[in-house]
Amino acid sequence: MTTKTAPALTLSKVVNRLHQKLLEVQTDPALYVFTLIFIMLVVKYLLLTRLTSNTAEFLSSYKFAFSDSYDWIANGVGLFNNDSITFRNPGLVLIIKFLYVFNALFLLPLLNNMVFFLLILFVYKLSFLVASKNIALIVAIFLALNFTINLNVNYIMADIYCLIFIAASLYYLLKRKYSYSFLLLGGSILFQNIGYLLLPVWLS
């Protein structure tokens, strides 16, 4: 009798545990805030690209690009094709090449905004290390709603990718997970050279 009811009791405990976790999540304001931020960034991408799903149309109609942006695109499109390129840091160049091969370059602004979302998340986690959860949440909200940063994130540039690696690296440095920290700092160098300048600070 006990043997037959044991699985049912175990399943009941699991269901109750999951229910408690869901209740905890529902009472956590951070979940709602980050969900709204995520939705905001996706809607922003849809408005900026006007649901463009063609690379040629995207390149001709997208407004957040200037000479430096087109140089990044040229480096990515011309990679491995023996074309004349200016040898940019390889991170964004490889991303552009990958998206271009699959005719999905129009997704690049969405990727920018998703990286921005991760940056907000890591800034929240960094703030939480030195302040209360509410203060960390306020910092995340101010970052998410900052007009200048929101504007610059839309441009086809490597800066936001570099920043997320640096923020994540700093987070793991403060958590004393040094291998992760140095690996992520190295990742930032794939996008911009500032990681080289930060290396002495990390080593100190």
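**Reading a helical model**

A: Read from the N terminus, the elements of the protein chain follow the order α-α-α-α-α-α-α-α-α-α-α. The model is a predicted one. The protein chain contains 11 helices and zero strands.

Q: What share of the residues of the protein chain counts as buried?

A: Of the 204 residues of the protein chain, 37% are classed as buried. As for contacts between residues at least 6 apart in sequence, 63% of them join residues at least 24 apart.

Q: How is the packing of two helices described?

A: In general, one gives the angle between the two axes and the distance between them. The crossing of H6 past H7 is right-handed.

Q: Which residues of H6 and H7 meet?

A: On the H6 side they are Phe116, Leu119, Ile120, Val123, Tyr124, Ser127 and Phe128, and on the H7 side Lys133, Ala136, Leu137, Val139, Ala140, Leu143 and Ala144. By type, the residues of this contact between H6 and H7 comprise 12 nonpolar, one polar and one charged.

Q: How many residues does the largest nonpolar core have?

A: That core has 52 residues, and those with the most contacts inside it are Phe34, Ile37, Leu92, Ile96, Phe116 and Ile120. Two or more residues of this core come from each of helix H2 (29-49), helix H4 (67-77), helix H5 (90-101), H6, H7, helix H9 (159-174), helix H10 (178-189) and helix H11 (194-203). H6 gives the largest share, with 10 residues.

Q: Which residues does Phe34 touch?

A: Leaving out residues up to four places away in sequence, Phe34 touches Phe117, Ile120, Leu121, Tyr124, Leu137 and Ala140. Of these, Ile120 and Tyr124 in H6 and Leu137 and Ala140 in H7 also take part in the meeting of those two helices.

Q: Is Val115 buried or exposed?

A: Val115, a residue of helix H6, has a relative accessible area of 8%, and because buried means under 20%, Val115 is buried. Beyond residues up to four places away in sequence, Val115 touches Ile160, Tyr161 and Ile164. Val115 and Cys162 are 47 residues apart along the chain, and their C-alpha atoms are separated by 9.8 Å.

Q: What is the relative accessible area of Leu94?

A: The value is 45%, so Leu94 is partly exposed. Leu94 is placed in helix H5 and touches Leu79 and Phe80, not counting residues up to four places away in sequence.

Q: Where is Arg176 placed?

A: Arg176 is in the loop between H9 and H10. The phi of Arg176 is also positive, near 60 degrees, in a residue other than glycine. With a relative accessibility of 64%, Arg176 counts as exposed.

Note on methods: Residues are numbered from 1 along each chain as its sequence is written. This is a predicted model: local features need pLDDT of at least 70, side-chain atom pairs count only at pLDDT 80 or more; totals for chains, interfaces and linings use all residues. Side-chain values use heavy atoms; hydrogens and water are left out. A crossing is left-handed if the near helix is turned anticlockwise from the far one by less than a right angle, and right-handed if clockwise. Helices (H or I, at least four residues) and strands (E, at least two) are DSSP runs, numbered from the N terminus. Contact means heavy atoms within 4.5 Å. Ala, Val, Leu, Ile, Met, Phe, Trp, Tyr, Cys and Pro count as nonpolar, Asp, Glu, Lys and Arg as charged, and the others, Gly among them, as polar. A nonpolar core is a set of buried Ala, Val, Leu, Ile, Met, Phe, Trp, Tyr and Cys residues joined through side-chain atoms within 4.5 Å. Buried means under 20% relative accessible area, exposed over 50%, partly exposed in between (1.4 Å probe, protein chains only).
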